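Let's take a walk through a protein model, one stop at a time.

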Amino acid sequence: MIRPTVPAALAAAALVVGPAASATAMPAPQALSMSVLATSDVHGHALNWDYFTDSPYPAGEELGLDRAKTVVDGIRAEKGEESVLLVDNGDSIQGNPLTSYFSSTEPVTESGLDHPMAVASNLMGYDAQVTGNHEYNYGLDMLDYYEQQTDFPVLAANALETATGEPHNDPTTMIERTIDGETVQVGIVGLTNPGSRIWDKKHLEGTIEFEDMVTSAQTYAPQLKEQGADVVIALAHTGKDPAGQQWDASQLQENIATSIATEVPDIDVVVAGHSHQDQPEEVVTQSDGTQALITQPNYWARSVSEVELNLVPDEDGDGFTIDWDDAAPSVTPHYLQGDVAESQEMADAMSSYHEETVDYVNQTIAKASETMSAKTSRYEDTAILDFIGHVMTEKTEEGLAGTDYEDLPVLA
Ligand SMILES: [Zn+2]
């Protein structure tokens with residue numbers, strides 16, 4: 001895995017000032033600080049580039065993993081890599097011309113190129129990701145190809161293979177970190193959106209079945225606790241529950257992040273997504289009276305959520321627990337608009353993919369000898385709409401040729 005390195009001087013400084021264990025006596029474990037950074041619904045936006053206008057996103061609307069990387073690297077340098085976790089909440093490999101080009105036009109599964117979002121995401125140094133519904137858009141072969149190239153686990157506890165009843169992807173992962181000389185274990189469960197059974201029926205019917213997200217969380221979160229997790233995070237590709245919705249497992253509800261947080265007391269943090277909302281922080285009371293935090297980073301890598309967790313020794317003294325009393329978790333949303341540097345490393349890693357995509361979308365496919373304006377197309381017949389209609393009928397007739405329907409009249 002390529003990881004940003006902390007400058008040597010900075011690392012040395014951290015050694016000097018860090019609250020390292022005393023040489024003379026082992027002090028009692030003290031409060032530890034950990035940051036969980038999250039992105040969601042990146043949709044192919046590795047770079048701050050709008051392929052439709054062939055230019056960077058305008059001032060004030062900038063986005064992208066190239067900017068996110070600068071923020072993440074900065075936090076890692078400041079806090080130390082061991083104290084920082086980075087997760088992504090899915091819908092990464094679909095959503096813009098970069099991803100459609102390398103999935104449909106020139107599929108990486110055929111060309112053998114590395115998946116561009118695996119390259120970008122490995123450079124980010126994610127620790128875990130969950131599949132979003134759009135991870136299934138190009139079929140399981142593309143998802144598997146991507147997953148094989150990532151340096152981190154791509155999770156989905158509730159997407160079960162019909163043949164075996166087992167999750168197609170890993171359901172959970174346990175991340176171990178050493179912070180101030182103490183071992184901290186973070187359990188992560190990935191919950192993908194069951195709506196994929198409808199939206200990607202053509203790819204998934206008969207192959208993958210979906211379990212309700214809360215139900216899967218209720219299975220796996222206690223297991224992670226039993227395995228020694230000090231903190232349990234749900235990467236949940238789902239928006240918050242709409243007002244008035246009651247959790248009903250039989251409905252395989254689409255937006256259920258709030259219920260995941262409230263109905264699964266072993267979960268401490270829910271990373272929400274899918275609904276493309278900017279909802280950095282909400283603390284909810286769980287069914288057993290304890291608390292959990294929900295964060296939803298803004299979509300298209302417009303922001304990085306930073307969840308700060310303060311950990312204190314737990315009652316048994318054999319691990320840590322989140323301090324909800326004196327230093328409760330809080331979220332800093334790092335917005336990527338304006339004066340945020342774009343990572344040159346990311347630009348370099350993506351340059352061949354980026355240039356090939358730019359060349360493709362900018363190629364001339366035809367030349368009009370006259371200007372055809374659509375300005376009045378809304379209320380009168382215009383040449384441009386006639387032209388589009390003509391192309392549509394021609395292409396449809398081509399598609400029907402040789403089929404049972406080839407004699408049907410095609411109208412547009
Ligand atoms: Zn989604």
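A residue is called buried when its relative accessible area is under 20%, exposed when it is over 50%, and partly exposed in between, using a 1.4 Å probe and protein chains only. Leu 123 has a relative accessible area of 5%, so it is buried. Before we go on, a word on the ground rules: this is a predicted model, where local features need pLDDT of at least 70, side-chain atom pairs count only at pLDDT 80 or more, and totals for chains, interfaces and linings use all residues. Residues are numbered from 1 along each chain as its sequence is written, and side-chain values use heavy atoms, with hydrogens and water left out.

Back to Leu 123, which sits in helix α5 (residues 116–124). Helices (H or I, at least four residues) and strands (E, at least two) are DSSP runs, numbered from the N terminus. Now find Ala 46: Leu 123 is 77 residues from Ala 46 in sequence, and their C-alpha atoms are 10 Å apart in space.

Next, some backbone angles. Most residues other than glycine have a negative phi. Asp 41, however, has a positive phi of about 50° without being a glycine. You'll find Asp 41 in the loop between β1 (32–39) and α2 (65–79), and its relative accessible area of 1% means that it is buried. His 276 also has a positive phi, near 55°, and lies in the loop between β10 (269–271) and β11 (279–285). Is His 276 buried or partly exposed? Its relative accessibility is 28%, so it counts as partly exposed.

On to the rings. Rings of Phe, Tyr and Trp (its six-membered ring) pair if their centres lie within 6.5 Å; planes under 30 degrees apart count as stacked, over 60 as edge-to-face and the rest as tilted. That rule gives seven aromatic pairs here. One of them joins Tyr 136 and Phe 210 edge-to-face, with 6.0 Å centre to centre and 85° between the planes. This pair links distant parts of the chain, 74 residues apart: Tyr 136 is in the loop between β3 (128–130) and α6 (140–149), and Phe 210 is in strand β8 (residues 208–210). Both Tyr 136 and Phe 210 are buried.

Tyr 299 and Trp 300 make another edge-to-face pair, at 5.5 Å centre to centre and 65° between the planes. Tyr 299 is partly exposed because its relative accessible area is 22%, and Trp 300 is partly exposed at 24%. Elsewhere, ring pairs tie Tyr 101, Phe 102, Tyr 353 and Tyr 360 into a cluster.

Finally, zoom out. The chain is divided into domain 1 (30–359) and domain 2 (369–412), with bounds that come from an automatic or database domain assignment. How far apart do the C-alpha centres of domain 1 and domain 2 lie? The distance between these C-alpha centres is 42 Å. As a last stop, look at Asp 386 in helix α12 (residues 383–400). With 44% relative accessibility, Asp 386 counts as partly exposed. The C-alpha atoms of Asp 386 and Ala 412 are separated by 8.7 Å, although the two residues are 26 apart along the chain.
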